[in-house]
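These are my notebook entries on a multi-chain model, kept in the order in which I looked things up.

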Amino acid sequence: MKPAPFGYADPTSLDEALTLLAEDGAKVLAGGQSLLPLLSMRLASPATLVDINRIPGLDSVAVSGAGVRVGALVRHADLLHHAEAARVQPLLARATANVAHPAIRNRGTTVGSIAHADPSGEMTSVLALTGGSVTVATPGGPQTVDWADFFVGPLETSVHGPAVVTEAFFPALPPRSGTAFEEVSRRKGDYAVCGAGVTVTLDEDSRVTAARAAYISVGLVPEVHDLTEAVAGRTVAEADWAAAGALARTLVDPDGDLHASADYRRLLVGVLTERTLARAAEEAASR
Amino acid sequence: MTTKLFGEPVRRREDLRLITGRGRYTDDIGHGALAAAFVRSPYAHARITDIDVDGALDVEGVVAVYTYEDLVGPMAEPLPVLIPHPQLTAPRTGYPLARDVVQHVGEAVVMVVATDRYVAEDVCDRIVVSYEELPVVVGVDAARAAAHAVHEDVPDNVAARHHQETGDVEAALAASAHTLSFTQYIERSACMPMEGKGVHAVWDHDDASLRVHTSTQASTSVRAAIAAKLQLSLEKVEVVAPDVGGGFGVKIVHPWPEELLVPMAAIALGQPVHWAEDRREHFISSAHEREQRQEITVGYDDEGRVTALDVRGWHDNGAYTPYGIIVPIVTATQLVGPYAIPVYRVRIDSVYTNTVIVTPYRGAGRPQGCYAMERTMDRIAQDLGLDRAEVRRRNLIGKDQFPYDHHLTFQDGRPVIYDSGDYEGLLDKLIALVGWDSMDARREEAASRGKQLGVGMAMYVEGTGPGPYEGGHVQVLGSGKVLVSTGLTSQGQGHETAFAQIVAHELGVPIEDVEVTTGDTRRFGYAVGTFASRAAVMSGNAIALAARGVRAKALRIAADVLEADVEDLEIDEGLVQVKGTPGASIPLRTVAVLSNPLRYAFDEAARQATQFAGPGDDSKPPVAVGDAPGLEHVDYYSPIRSTFASGAHAAVVEIDPTTWEIDVVDYAVVHDCGNIVNPMIVEGQVHGGVAQGVGGALYERMAYDGDGQLQNASFMDFLMPYASEVPDVVIDHQETPSPLNPLGLKGAGEAGVIPGTACIASAIEDAVGRRIAAMPISPTELYDLVRDPDAERVPTREGAPA
Amino acid sequence: MTDVSTERAITVTVNGVARGTTVPVRRLLSDALRHDLELTGTHVGCEHGVCGACTVLVDGTPVRSCLVLAVQVDGKAVTTVEGLARDDGRGGEILHPVQEAFRECHALQCGFCTPGFLMTMAAGLEARDASTDITEEEVDEIVGGNLCRCTGYANIKKACRHAAGLMKEAAR
């Protein structure tokens, strides 16, 4: 289990990086926590790795009233412990806490995991649920790609040709809204068998106006499911979260694998939806 | 005695080097050696039609490429069947490199040697092996159906039919008041030590000798195998097991192909060659264990006492049988556990499949046997509406029934005669420890939190310390240092500490003066190996006997010097003294010097032993007839039969009835391994075993698909527990010493893992009220079970009728 | 313009000492430490980042050295288990509290996973306020990402509490 030969460059500017990435078989290396196992197992053998870790300006978390901009070199651990980011968009810390174990979070990047587009990764679904977008540096200049246009399939995005995803933008949690995130995994720190992130928004009378969910390890690409119809107009206390869970079960199309059957995943979608919506609504009511 | 050492939780002497990065594992040895890597079969069953190495030979750094065609003499013959058995009628083993046909994914086909491992893997990538695929057999049921044969000349796929019986079981069943028949399965796991295997071989051209470091549990036998296969004289081969990063059984198998091929290449190339097994290799080319199908029929009376037991089993031995049928024999003979079973018949077919070989993994067939017997006890209890603990109690062998002869033949060819034990004592302690009688309150409390709580128990008896023998060498040097060696190896069991405690205790020396070496054939050439919870029993007793020999000699020499009777002498803190006469003493190190009459004073201490040093008795030769120079002694311990440790475990589980997640909330262990050398080490062994038991019950399985591809050959998908998955364990001890050995020891290494699957299955069944007949079980499977309208319902409260 | 290389000369401060070596760019940090710098205390258990045996500190932060290329630590500081104990100035060493605790609590058996646990735990405990009592949640977080096949973790958790206690005492 040793990587096959490759060339390596660690440019110090995005322009250089894009030039290097224009060559056949060139691939971006950021945190490497998903890429290096693939290299060592020789399941991936890029001709060149373009290590973006020395490019300045990509390692910041910028928080504004609009949301949280996360640079390409921000590690999961940075985001997990970023109090200001958590205040503006609580899902960031709640989700990153579920990413693997601390040593992986110390190295792995949030943007990298989004660019990796693994449907069992937490941050792809969080980007979707928050209605976020990514900024992609290309030879023609930076482009902003909405999450819905970004994820094309498992481990596949709409970005082709030389490109570096330089940041992800997670819009702020709207007023009178709450979030929750929960996973069921075989072992703590494993990829989720099923995970759910939700947001609930209330009106001024504390009645539900929106309830949305996105799931981890369910489906081929991140999807946001609108569950509002099951709980709309109800107060937090009287909303039937189980009905929302039941609705969610009908909306998802999970696959089975070694660790869970499709049916079991669907069960978990229901259970986690019910649990997380209830918590998110409590939070929304208290904000 | 100033310090009591035997039986004390002495801190480990191994630890300092291991916590500072100064351990020496096989892969730490020999920087700059050439590296070996292997092309392994991607198919579970295929004929090799061509091996094209042309594209590989121009890779910079390639040194040599070997295929079966390059093997000569004994190397071209099949690997040995290590443990032949008359019932193993169709043994099959592979070749060091595949010849014509591969029988499982991962079988070595080509060995590449290159300047480093990266390059060696590049070379492997360039070698093109062509295969013609053959039909694949996966799983015991497919093997049994025998629609296809794994080995062409074994059409029924049966390697062995193991059969033992103690009476007319059919008559006894017919005469039983009640009978029950059922089928259950247990799946594969594997030892999965954190360090994979590894081999480092150095050929000394001038001396025409070979030194091999290998991560093994049996260095002396690896040495013999290498000598035989490579046609070297035994004294020209030395094998060392350095620090070994865990074994759990997989490293007792030998010679692994790599243990022969790496030395072969080192000799051929005249350069050191190194191989470090990577994790994927370990998954697909080392060994697995556990998979069995069990069909059980039990007869019992109205009180739940077993009157007859008939077990029909199928054991998946994988593609080859290098380790014979030890695992099914152990299952067959240890299945009866602590119970008096009047009539018992067991028939286990050991069958071939196109999968990795199955050889002992900690427990070595016992977890399967325990699973069969203990689940039988649960069923009897449920059928009669009795408490599961009570049914067990009624069947236990009584304290006054030892030695207890089961009339079975154990894995060592010796009778299964339990030497000592107190099984009712174990049960009483377990009931108290886990709070067996207060579970109703806990069930209610859990229910109030939305959880379903269940409890299960399982008892076991474990034959430990099988022969044929181990030896020990103890030598006191003139410096006062005490050198101890034994041939068997260590993989983390703390032998350096436990054996030092024994020697310090027996010899009366400070433990700091004792240095223990294990698994190095340069130091001790006769040994069997570390398996079957035998190291403390076998080498511990051998070393104790050797230390007693040294002590006797020391006292004899000291008695001469001190002009005292041997009976009046004692040794304490390295000083031989006349009891009650302070000052009348001689240091043991001086005795060591005097034990070796000298001509030359090579150092200051040696002067005392030279020929003009003092008045000698010139009527006697300097070394008496029958005596030998030096204060040292070698002794061996060879037991008449195994000694039987025992224990009882209970697990309390909570099930979330919305997600069907299974949480082991309490785990209680009562453990009896006779006298204990170091309770800290024994508890550590129990903790580790329980974690493997929990892993085997809830997380670990080898997921083969129908094509014989292992779907989860990584730590990502083979779910070895992290700390988060292992429950806290409470332990109580009972000590019934073995009457069979001088120290009264029984083995402790495997105990912790044995009842895990049985008691956790029982607890889950108790929690959810559905029959659990296949283990391990995951939440997704539990969900399938509880919503299956045809799943068998079982009572969930003690004494509730079925 | 940055060149694409297949081999790089790198300088890494390892356990406080600047070490220079030339490595193929595909060299994993774990291999560079073990084979190029002959610091074999860092162990390789899975090479896919799951077991944690190879955990080292890069600029003080625990990372899996099998998931980092050696070239990526050029100019950085790496601490391995060999650098955990301090020189006592008299030719001896003062063990780190986590090392003391592992020995005291029998938190290792075969010792293969131990360096990874020690590095993770040392960093985890040093990052917390030593004057406070450690919680079970903290212990779980600190020991939760590494695999051990021998100990069943009970004594590793015990060692974590013990080390936190030693550090609390030292912080007084």
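**Entry 1: two helices of chain B**

I looked up helix α9 (residues 366-384) of chain B and helix α10 (residues 388-395) of chain B, whose axes come within 8 Å and cross at roughly 115 degrees. Axes are lines fitted to C-alpha atoms, for helices over the stretch in contact, with angles from 0 to 180 degrees between N-to-C directions; helices (H or I, at least four residues) and strands (E, at least two) are DSSP runs, numbered from the N terminus. I note that α9(B) and α10(B) are therefore roughly perpendicular to each other, where angles under 35 degrees count as roughly parallel, over 145 as roughly antiparallel, 65 to 115 as roughly perpendicular and the rest as oblique.

The contact takes Met377(B), Asp378(B), Ile380(B) and Ala381(B) from α9(B), and Arg388(B), Val391(B) and Arg392(B) from α10(B), two residues being in contact if their C-beta atoms, placed from the backbone, lie within 7 Å. By class I find 4 nonpolar, no polar and 3 charged residues in the contact of α9(B) with α10(B) (Ala, Val, Leu, Ile, Met, Phe, Trp, Tyr, Cys and Pro count as nonpolar, Asp, Glu, Lys and Arg as charged, and the others, Gly among them, as polar).

I record that this is a predicted model, in which local features need pLDDT of at least 70 and side-chain atom pairs count only at pLDDT 80 or more, while totals for chains, interfaces and linings use all residues. Residues are numbered from 1 along each chain as its sequence is written, and chains are lettered from A and ligands numbered from 1 in the order in which they are written.

**Entry 2: chain B against chain C**

I then looked up the interface, where 43 residues of chain B are in contact with 44 residues of chain C. On the side of chain B that touches chain C, α1 (15-19) and α16 (679-699) of chain B are the elements giving two or more residues, and the largest share, 6 residues, is that of α16(B). This side of chain B has 19 nonpolar, 14 polar and 10 charged residues.

**Entry 3: inside chain C**

Chain C is divided into domain 1 (7-83) and domain 2 (86-171), with bounds from an automatic or database domain assignment. Their centres, taken over C-alpha atoms, are separated by 21 Å, and the contact takes 16 residues from domain 1 of chain C and 11 residues from domain 2 of chain C.
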